[in-house]
Amino acid sequence: MREERFKVSFSVSLMWQEKSGEISRLAGRCVDLSSEGISVEVKDRVSPGVVVQVESKEFGRMGHAIVRFCRRDQMRYVIGCKFSAPFGISDPARRKILERVLLPADSVDDTAGQKGYRAATERER
């Protein structure tokens, strides 16, 4: 079964160690979130295979993730990362944060995940 994905918008910070030992940091915007992974829009390329530490003001330290892909999208890059350990998105405190960063269903092309989330939330109430 495919995990539940959420179209979101919030700032994240990525940090990783280069092969040279230098620490790199990059700010981005999370556009997609699930318990298994995250998609982030960034200004610079990040190589697939790099392990990044993901942090945000909203969620705090989100964990480590491996960059699975990096594709160019106009004047930016979109990177897809898989968390090394599942991100506990079902935790009640994180669900409240998630509600604040969700994009409105009418502002995204693929609203199936949004409708699924809202239906699950309604059943919980």
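This report covers the barrel, its strand pairings and the nonpolar core.

## Basis

The model is predicted: local features need pLDDT of at least 70, side-chain atom pairs count only at pLDDT 80 or more, and totals for chains, interfaces and linings use all residues. Residues are numbered from 1 along each chain as its sequence is written, and side-chain values use heavy atoms, with hydrogens and water left out.

## Barrel

Six strands form a closed barrel in the order 1-2-3-6-5-4, with antiparallel pairing. Strands (E, at least two residues) and helices (H or I, at least four) are DSSP runs, numbered from the N terminus. Two strands pair if DSSP finds at least two bridges between them. Axes are lines fitted to C-alpha atoms, for helices over the stretch in contact; angles run from 0 to 180 degrees between N-to-C directions.

Helix 1 packs on the sheet and touches strand 1 and strand 2. Its direction makes about 110° with that of strand 1.

## Strand 4 and its partners

Strand 4 is antiparallel to strand 1, joined by 3 bridges. Here Met15 stands opposite Gln53. Strand 4 is also antiparallel to strand 5, with 6 bridges. Glu55 stands opposite Arg61 in that pairing. A hairpin through 3 residues joins strand 4 to strand 5.

## Core

The largest nonpolar core has 31 residues. Such a core is a set of buried Ala, Val, Leu, Ile, Met, Phe, Trp, Tyr and Cys residues joined through side-chain atoms within 4.5 Å; buried means under 20% relative accessible area (1.4 Å probe, protein chains only). Strand 1 gives the most, 6 residues.

Leu33 and Ile38 have the most contacts inside this core. Contact means heavy atoms within 4.5 Å. Ile38 touches residues including Val12, Leu33, Val54, Met62, Ile79 and Phe83, not counting residues up to four places away in sequence.

Terms used
Buried < 20%, exposed > 50% of the residue type's maximum accessible area, 1.4 Å probe, protein only.
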